[in-house]
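Reader: I would like to learn how to read a model like this one. Please give the general idea first, then the case at hand.

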Amino acid sequence: MQSLRQYEARGLVTPMRSEGGTRRFSREDIARLRRVRELVDVGANLASIGIILDLQDENTSLRYELRRMQ
């Protein structure tokens, strides 16, 4: 649970919240959390993980745009 708080505070995941404040994770959030865990397991720190995830998101977006243009 502490890890989830840290990940959220660092902006690594941004789950929706219920009216009572409970985190509501989407499938995309869960996939992202799995990726965070993989990176933690290989020794990446949270700052590095943020950079890696941002680059992966940008890469995905650029690939999508490229496919649209073709």
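Reader: Leaving aside neighbours within four places in sequence, which residues is threonine 22 in contact with?

Author: Contact means heavy atoms within 4.5 Å. By that rule, threonine 22 touches Met16 and Arg17, its neighbours within four places in sequence left aside. Threonine 22 sits in the loop between strand E1 (16-17) and strand E2 (23-24).

Reader: What kind of model is this, and how are residues numbered?

Author: This is a predicted model, in which local features need pLDDT of at least 70 and side-chain atom pairs count only at pLDDT 80 or more, while totals for chains, interfaces and linings use all residues. Residues are numbered from 1 along each chain as its sequence is written, and side-chain values use heavy atoms, with hydrogens and water left out.

Reader: How many helices and strands are there, and in what order do the elements run?

Author: Helices (H or I, at least four residues) and strands (E, at least two) are DSSP runs, numbered from the N terminus. The chain has 3 helices and 2 strands. From the N terminus, the order is α-β-β-α-α.

Reader: What radius of gyration does the chain have?

Author: The radius is taken over C-alpha atoms, and the globule rule is 2.2 Å times the number of residues to the power 0.38. For 70 residues, a compact globule would come near 11 Å, but this chain has 14 Å. Its C-alpha trace spans about 45 × 35 × 15 Å along the principal axes.

Reader: What does helix H3 span from its first C-alpha to its last?

Author: The expected span of a helix is 1.5 Å times one less than its number of residues. Helix H3 (residues 46-69) has 24 residues and reaches 35 Å, close to the expected 34 Å.

Reader: Which residues of H3 are buried?

Author: Buried means under 20% relative accessible area, exposed over 50%, and partly exposed in between (1.4 Å probe, protein chains only). In H3, Leu46, Ile49, Gly50 and Leu53 are buried. The buried residues of H3 pack against helix H1 (2-9) and helix H2 (27-41). Across the chain, buried residues make up 19% of the 70 residues.

Reader: Why does leucine 46 count as buried?

Author: Leucine 46 counts as buried because its relative accessible area is 18%. Leaving aside neighbours within four places in sequence, its contacts are Gln6, Tyr7, Arg10, Leu12 and Val40. Isoleucine 30 is 16 residues away along the chain, and the two C-alpha atoms are 17 Å apart.

Reader: Is arginine 68 buried or exposed?

Author: Arginine 68, also placed in helix H3, is exposed, because its relative accessible area is 55%. Its C-alpha lies 38 Å from that of glycine 21, 47 residues away along the chain.

Reader: And threonine 22: why does it count as partly exposed?

Author: Threonine 22 counts as partly exposed because its relative accessibility is 47%.
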